[in-house]
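Trainee: I would like to learn how to read a structure like this one. Could we take a few features in turn?

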Amino acid sequence: MSRKSKARITGELRKLAFHNKTQRGIQDLANLLNPKILGWVQYYGKISHRSLHPVFYYLHNRMIRWIVNKYKSFKGSKIKAVKWFRFITKSYPNLFYHWELEYKQV
């Protein structure tokens, strides 16, 4: 996966600005992102699964930002948000497509 492709995907995530959409639930985010994630994994994952790690790292950081913005109990504590995110990844391993493929790297 080239740098240009990674930049295009992260730019697409940036344009979605889902970290500001606090009226949505995590299931709504999964419905929004899963078709895109499925396409990326099918296209870029055939060559190398490892090449998608930076993209999913960026996606996970955006999701943690969404958690901090959505829930008042996590304001000012990114560590608590990361712990809650890890709990969600363990509790609902099939929520996002890339979690099924063991891309849980937070």
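Trainee: Which residue lies over the face of Tyr 71?

Mentor: The model is a predicted one. In it, Lys 70 sits over the face of Tyr 71, at 5.7 Å from the ring centre.

Trainee: How many aromatic pairs does a search of the whole structure find, and how is a pair described?

Mentor: A pair of aromatic rings is described by the distance of the centres and the angle of the planes. The search of the whole structure gives 7 aromatic pairs. One of them is edge-to-face and joins Trp 66 and Tyr 71, with 6.2 Å centre to centre and 85° between the planes. Another edge-to-face pair is formed by Phe 96 and Trp 99, at 4.8 Å centre to centre and 65° between the planes.

Trainee: Which residues form one aromatic cluster with Trp 66 and Tyr 71?

Mentor: Phe 74 and Trp 84 complete that cluster.

Trainee: Next, the helix α4. Where do its buried residues fall?

Mentor: An α-helix has 3.6 residues a turn, so residues three or four places apart point the same way. Helix α4 covers residues 78–91. Its buried residues are Ala 81, Val 82, Phe 85, Ile 88 and Thr 89. Seen down the axis of α4, they fall within an arc of 120°, so they line one face of the helix. On the other side, Ile 79, Lys 83, Phe 87 and Lys 90 are exposed.

Trainee: What do the buried residues of α4 pack against?

Mentor: They pack against α2 (26–44), α3 (53–70) and α5 (97–100).

Trainee: Which residues touch the most other members of the largest nonpolar core?

Mentor: That core has 30 residues, and those touching the most other members are Phe 18, Leu 33, Ile 37, Leu 59 and Phe 96. Two or more residues of this core come from each of α1 (3–16), α2, α3 and α4. As for Ile 37, its contacts are Phe 56, Leu 59, Phe 96, Tyr 97 and His 98, leaving out residues up to four places away in sequence.

Technical notes:
Residues are numbered from 1 along each chain as its sequence is written. This is a predicted model: local features need pLDDT of at least 70, side-chain atom pairs count only at pLDDT 80 or more; totals for chains, interfaces and linings use all residues. Side-chain values use heavy atoms; hydrogens and water are left out. Helices (H or I, at least four residues) and strands (E, at least two) are DSSP runs, numbered from the N terminus. The expected span of a helix is 1.5 Å times one less than its number of residues. Buried means under 20% relative accessible area, exposed over 50%, partly exposed in between (1.4 Å probe, protein chains only). The arc is that of the directions from the helix axis to the C-beta atoms. Contact means heavy atoms within 4.5 Å. A nonpolar core is a set of buried Ala, Val, Leu, Ile, Met, Phe, Trp, Tyr and Cys residues joined through side-chain atoms within 4.5 Å. Rings of Phe, Tyr and Trp (its six-membered ring) pair if their centres lie within 6.5 Å; planes under 30 degrees apart count as stacked, over 60 as edge-to-face and the rest as tilted. A charge sits over a ring if NZ of Lys or CZ of Arg is within 6 Å of the ring centre and within 35 degrees of the ring normal.
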